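Thanks for coming. I have one structure to go through today, so please have a look at it on the screen.

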Amino acid sequence: MDTTPPRDPQGDTLNPEGAALAAELSDLESELLERYRRLLVDQHNPLGIDQEAWTTCRQQAQHVLAECMHSLRHGTQPLLSRQLLQKTRRLGGARISQGIAPVHSVRAGALLFQVVMEALSDAVVRHPGAAHQLMKALMSLQTAITRRLEEGAGGFDLFLLDVVRDAEQQGRHGMAREIHDRIGSVSSLALRQLELYELTQGLTPAADARLSSLKQAILETLYTTRDIVTELRTRTNTTRSLQLALQAFVSAMALDEPAVEIRVADAQDLLPRSLGDDLFLMLRECLRNALAHAAATRVVIEVHVTGEGVRATVQDDGIGFSPGQAAGNGLASLTERARLLGGRVTIDSAPGKGTTVALTVPVDEDDEDDKENHGEQYGNGRPAAGR
């Protein structure tokens with residue numbers, strides 16, 4: 001008799017009892033999704049009422065069910081890809097822009113948990129051997145839903161970060177227009193008049209050294225002006241946005257203590273925007289933990305960006321803890337996010353000694369290429385004389 005454990009098409013070992021529950025859940029998927037939407041509509045939740053919102057909500061529910069079924073079959077929670085997390089995060093921001101408040105996502109998550117829990121409980125009656133798998137399935141379900149709610153909340157914060165960026169960009173563009181209109185236009189007019197004077201007087205550049213020097217000075221002014229305008233219009237200034245967003249988060253907490261210092265150093269503007277988004281979410285989580293649990297009087301955030309990558313630290317003088325005994329969702333989420341970026345997290349802490357969380361993340365070469373191409377498409381070369 002063959003006692004080899006069953007395997008799925010990818011060759012992974014299956015849990016027989018869990019696989020039976022997963023198969024039941026798979027057969028019920030369409031029915032569960034229909035019931036889920038009806039309940040959303042009954043509760044006047046826009047995620048069920050609005051067709052566009054429901055389409056994305058349905059996709060998220062399908063992902064949750066798929067994770068739950070994977071956990072039942074294999075006994076482990078599947079690892080999410082960075083792309084899927086970013087998609088969920090963007091969805092959170094999109095819902096805010098559509099006027100759908102985060103509370104509707106929280107209520108929808110609770111409703112989905114209820115619908116799937118009832119289905120699993122009924123299925124266990126038909127598969128008595130899988131009864132001990134029910135708790136694991138419910139924990140997996142809760143984890144899958146919580147992951148998406150966390151990323152959605154991150155999307156809300158990044159939506160606010162985009163507002164800061166847009167305001168800053170509009171300011172830079174306004175400055176660029178002023179420089180172009182006031183300095184660039186006057187310099188161009190002076191150059192035209194000088195060229196006209198040379199033409200009418202029949203002069204050559206060698207005829208008057210002072211005239212030639214004046215013309216060269218005006219050309220240099222034009223070159224410098226247009227370089228400045230190009231820089232203002234194309235620079236992303238991700239690091240300044242990162243610092244502003246962290247400061248806004250601290251201000252929103254409205255705490256008298258601890259004192260929070262934020263220092264972001266990126267002299268060469270090497271931080272890509274997408275990495276800046278992830279870094280903001282990770283530092284915000286570290287800061288939130290420090291403000292909520294450390295009982296600190298001072299918290300210092302330092303970020304250094306070089307060609308090799310990003311190193312960030314969040315240090316507090318609080319009560320500290322034993323890292324080996326900490327198993328909170330915040331630290332787990334932080335570690336997972338860093339891993340997806342190819343980085344790592346280290347925690348140095350002890351009771352009564354404060355805490356230092358260090359993040360190291362490489363700068364993605366593809367992101368750097370995108371930044372360079374972004375600059376090239378606007379033309380960073382010097383303009384031709386007299387244009």
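The largest cavity has a volume of about 30 Å³. This is a predicted model, and a search of the whole structure turns up 1 cavity of 30 Å³ or more. Which residues line the largest cavity? They are L80, L84, L85, T88, R147, R148 and E151. Sorted by class, that lining has 3 nonpolar, 1 polar and 3 charged residues. Two helices, α5 (82-97) and α7, each supply at least two residues of the lining.

Let me stay with one of the lining residues, R148. R148 sits in helix α7, which covers residues 134-201. Is R148 buried or exposed? Its relative accessibility is 10%, and because the cut-off for buried is under 20%, R148 counts as buried. The side chain of R148 reaches the backbone oxygen of A144, at 3.0 Å. If we leave aside neighbours within four places in sequence, R148 is in contact with Q60, H63, V64, E67, L80, L84 and T88.

Another residue in helix α7 is L141. Its relative accessibility is 0%, so L141 counts as buried. Again setting aside neighbours within four places in sequence, L141 is in contact with V64, C68, F113, V116 and M117. Take V116 from the L141 list: the two residues are 25 apart in sequence, and their C-alpha atoms are 8.2 Å apart in space.

Now the loop that comes between α6 (102-126) and α7, where G129 lies. With a relative accessible area of 47%, G129 is partly exposed, because that class runs between 20% and 50%. G129 and E17 are 112 residues apart in sequence, yet 6.1 Å apart in space, C-alpha to C-alpha.

Next, the nonpolar cores. How many residues does the largest one have? The largest nonpolar core has 35 residues, and those with the most contacts inside it are L279, M282, L283, V303, V310 and L359. The elements that each supply at least two residues of this core are α9 (238-253), β1 (259-265), α10 (273-293), β2 (298-306), β3 (309-316), α11 (329-340) and β5 (355-361). Which of them gives the largest share? That is α10, with 10 residues.

For a closer look at one member of this core, take M282. Not counting residues up to four places away in sequence, M282 touches L334, R337, A338, L341, L359 and V361. L359 is also among the core residues with the most contacts.

There is also a second, separate core, of 34 residues. It includes L32, A108, V115 and L138.

Last, the chain as a whole. The protein chain has 12 helices and 5 strands. Buried residues make up 42% of its 387 residues. Among contacts between residues at least 6 apart in sequence, 76% join residues at least 24 apart. The L141 and V116 pair, at 25 residues apart, is one example of such a separation in a contact I have already listed.

That is what I have; questions are welcome.

How values were computed: Residues numbered from 1 in each chain as written. Predicted model: local features only at pLDDT ≥ 70, side-chain atom pairs only at ≥ 80, totals over all residues. Heavy atoms only, no water. Core = buried A, V, L, I, M, F, W, Y, C linked by side-chain atoms within 4.5 Å. Buried < 20%, exposed > 50% of the residue type's maximum accessible area, 1.4 Å probe, protein only. Helix = DSSP H or I, 4+ residues; strand = E, 2+ residues; numbered from the N terminus. Contact = heavy atoms within 4.5 Å. Polar contact = N/O pair within 3.5 Å; in protein donor to acceptor, adjacent residues only side chain to side chain. 1 Å grid on protein atoms, 1.4 Å probe; cavity = no way out; pocket = protein on both sides within 12 Å on 5 of 7 lines; lining within 4 Å. Points joined across faces, edges and corners; volume = space filled by probe spheres on them. Nonpolar A, V, L, I, M, F, W, Y, C, P; charged D, E, K, R; others polar.
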